[in-house]
Amino acid sequence: MRREIAYNELDRVSGVNAEEALFVLRLKANEDAAYDELVRVYHASIFHVAYRMLGDSAEASDVVQEIFLKVFRNIGGFKGEAALKTWIFKIAFSEILNRLRWWKRRYRFSTVSLDEQPSGNGKGNGRHGCNVADSKPTPDKVLESKEQETAIQQALSRLSSDHRSIIVLRDIEGFSYSEIADVLGVSIGTVKSRIARARSDLKKSLMRYLSVQRV
């Protein structure tokens, strides 16, 4: 049942600005429009993170549903000690990493199909893959783009989950070091060292792909 927003609760959500604090109160009041807005704002990013971590669109779609359910069920416990975005992605990564551990116990990563493409319900911003600039790409360009996408996903799948998380958050989603530290529960120093190592490993994997392509 929707409850009325208690505006005197705004001061209790101390770690966010007034606009975000009001939005949180709307969520806590079970306002349908606020829930719809939350999904609209975060769905695409969470889907792409899940896809990059899991390497499978169906698994990503499934875990995204679980993530939003957990967000909705736990919004009452949001204290505003961090930004709403950080809190949501903490939940997202907890669910994604749990799914990854569960999945890896049962399956091994298989080669990503050339037809497998991330396809969240939301417009991308060009950071999530190798998009073809031409609005009407030729078949050769489409194939090349898909092959590049496959190479990136396969290279990511070879990284440890810790390093993959860092690359996805920093280089694909554009999170700041402090945001990554908050989401993953590690120090900024750890974030920086993992980024350096992860980028080095990713570069080696992609260079192997490029060398094969030149043969």
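User: Which residues do ring pairs link into a cluster in this structure?

Analyst: A pair of aromatic rings is described by the distance of the centres and the angle of the planes. In this predicted model, Y35, F68 and F72 are joined into a cluster by ring pairs. The structure holds 6 aromatic pairs.

User: How are the rings of F78 and W87 arranged relative to each other?

Analyst: Their centres lie 5.3 Å apart and their planes meet at 65°, so the pair is edge-to-face; planes over 60 degrees apart fall in that class. F78 is buried, with a relative accessible area of 2%, and W87, at 17%, also counts as buried.

User: Which residue lies over the face of F175?

Analyst: That residue is K85, placed 4.2 Å from the ring centre of F175.

User: Turning to charged pairs, how many salt bridges does the structure hold?

Analyst: There are 9 salt bridges. One of them joins R26 to E31, with 2.7 Å between the closest N and O atoms. E31 has a relative accessibility of 15% and therefore counts as buried, the limit being under 20%. R26 and E31 also belong, together with E37, to a network of salt bridges.

User: Which helices hold R99 and E59?

Analyst: The side chains of R99 and E59 form a salt bridge, at 3.0 Å from N to O. This pair links distant parts of the chain, since R99 lies in helix α4 (residues 84-106) and E59 in helix α3 (residues 57-74), 40 residues apart. R99 is buried at 16% relative accessible area, and E59 is buried at 17%.

User: Where do D201 and R197 lie?

Analyst: Both are in helix α8 (residues 188-214), 4 residues apart, or about one turn of the helix.

User: Which residues does I46 contact, leaving aside neighbours within four places in sequence?

Analyst: With those neighbours set aside, I46 is in contact with V64, I67, F68, I88, F89 and A92. Among these contacts is F68, and F68 is also linked with Y35 and F72 in the ring cluster.

Conventions. Residues numbered from 1 in each chain as written. Predicted model: local features only at pLDDT ≥ 70, side-chain atom pairs only at ≥ 80, totals over all residues. Heavy atoms only, no water. Salt bridge = Lys/Arg side-chain N within 4 Å of Asp/Glu carboxyl O. Buried < 20%, exposed > 50% of the residue type's maximum accessible area, 1.4 Å probe, protein only. Helix = DSSP H or I, 4+ residues; strand = E, 2+ residues; numbered from the N terminus. Contact = heavy atoms within 4.5 Å. Phe/Tyr/Trp six-rings, centres within 6.5 Å; stacked < 30°, edge-to-face > 60°. Lys NZ or Arg CZ within 6 Å of the ring centre and 35° of its normal.
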